[in-house]
Amino acid sequence: MSKLLSRKNFMISLCKRGIPARYAWRVSKELNDHAEDLNENQSESSLGDTNELLDQIESTYKQRTFAERHPLLVFLMAPLPVVIMIYILSMFLPVLMVHVANSAYHFINGTELPTNTIGLPLLNWGIHIGLLLIPAILSTIVIFRWARISGLKPFHSAISCIPAFLLAFGFQSMIFQPDNLSVAFGFSLLSVDIVRQLLQTLIPALAIFYMLHHEKVKQQRLAEKLVTTE
Amino acid sequence: MTRKRTNSEFINGVPELLLLRLLKNKPMYGYELVQAIRLATDSRLEFGEGCIYPLLHKLEAEKILQSRSKKANGRSRIVYTVTKKGQKKLSESMNRWHDVKEAIELVLQGGQNEQTAFT
């Protein structure tokens, strides 16, 4: 390995290019062994240019990944149905929860769930906030993680989350009557409350920032652990 | 519509063919392989480390090779061996190599069907 670049720095450079820490460790170990063999055998040849090595390792690794072989599928086609499916499931979930709560109340008390209890406004707000947050965060996590695992760079992975941003922007949810169980939800890109919509769009953006930060910390910890425990 | 079979994948797979053939003889680690290619080809073919290691890992991911850690010269090395799938792949690649080689030689030697092809 080049004297200018230590093994640890080589690993970190690979990780920054989106190569998983475990694979970066493996390559850097073998290249390090190779460099030591060249030294021991007093070979005239040496390892090539570090940037060229990094480029070759990165491109060969990414050619192996599903995203490199099927970029259109990963970038354009798959995210939209995934996001729509998550939103539909998220909308059905509160309906199902209320149905179960009603049935349970009816089974225990023999009457319908009263509509004027203190719990109902809370349930309304819970469903309202939950519908704003959960599908936006969940769809961003699913698409972003899939894109990253498939070998896409962070920027491209964030781009593949555009459907999640759009649905977060256009998602509408409101409480009609706080004393009754009445939350309305739907989708519209044209709304009078643009500020609220922009704030909603921040939800997937924050989820991406959190995942990138978490990924960076995790990769660095793993890289350090792999080097020190060798 | 039938899809034309091309040999571009095969021609790009020359390093792969050499690696498989050499590893069929004996398990080796990366440095040994680079040296073995140099020796076996009388220094006419040389592949850099940036080509060999990613290729070894790709073949391992495809289960054509398998690796294990082994002590060699007092150090722990990652040694590669050819799997059954790899042996099958090697035999197919060798057959295709002979086909391509014969086809190229036909052209280089004037070609039996050259006149027909260009008239």
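Let's start in chain B, where strand 1 and strand 3 (residues 75-82) run antiparallel and are joined by two bridges. Helices here are DSSP runs of H or I with at least four residues, strands are runs of E with at least two, and both are numbered from the N terminus. Two strands count as paired if DSSP finds at least two bridges between them. This is a predicted model, so local features need pLDDT of at least 70 and side-chain atom pairs count only at pLDDT 80 or more, while totals for chains, interfaces and linings use all residues. Residues are numbered from 1 along each chain as its sequence is written, chains are lettered from A and ligands numbered from 1 in the order in which they are written, and side-chain values use heavy atoms, with hydrogens and water left out.

Strand 3 of chain B has another antiparallel partner, strand 2 of chain B, and eight bridges join these two. Put together, you get an open sheet of three strands in chain B, with the order 1-3-2 and antiparallel pairing. Strand 1 (28-29) and strand 2 (65-72) of chain B are the edges, each pairing on one side only.

The model scores ipTM 0.76 and pTM 0.59.

Still in chain B, have a look at Arg21(B), which is found in helix 2 (residues 14-25). Arg21(B) counts as partly exposed because its relative accessibility is 37%; buried means under 20% relative accessible area, exposed over 50%, and partly exposed in between, using a 1.4 Å probe and protein chains only. Leaving out residues up to four places away in sequence, Arg21(B) touches Leu90(B) and Met94(B). Arg21(B) and Gly86(B) are 65 residues apart in sequence, yet 9.8 Å apart in space, C-alpha to C-alpha.

Now over to chain A, with its 10 helices and two strands. From the N terminus on, the elements run α-α-α-α-α-α-α-α-α-β-β-α. Of the 230 residues in chain A, 38% are buried. Take the contacts in chain A between residues at least 6 apart in sequence, and 67% of them join residues at least 24 apart. Ser160(A) sits in the loop between helix 8 (154-159) and helix 9 (162-170) of chain A. Ser160(A) counts as buried because its relative accessibility is 0%. Not counting residues up to four places away in sequence, Ser160(A) touches Val74(A), Phe75(A), Pro79(A), Ile143(A) and Ala147(A).

On a 1 Å grid over the protein atoms alone, a cavity is a set of points where a 1.4 Å probe fits but cannot get out, a pocket is an open set with protein on both sides within 12 Å along at least five of seven lines, and lining residues have an atom within 4 Å of a point. Grid points are joined across faces, edges and corners, and a volume is the space filled by probe spheres set on the points.

The count comes to one cavity of 30 Å³ or more, and the largest cavity has a volume of about 60 Å³. Its lining includes Glu30(A), Asp33(A), Tyr29(B) and Arg77(B). Helix 2 of chain A gives the most to this lining, with four residues.

The second largest pocket holds about 440 Å³ of space. Of its 17 lining residues, Arg145(A), Ile149(A), Glu215(A), Lys218(A) and Gln219(A) lie nearest the centre. Helix 10 of chain A gives the most to the lining of this pocket, with seven residues.

Notes:
Contact = heavy atoms within 4.5 Å.
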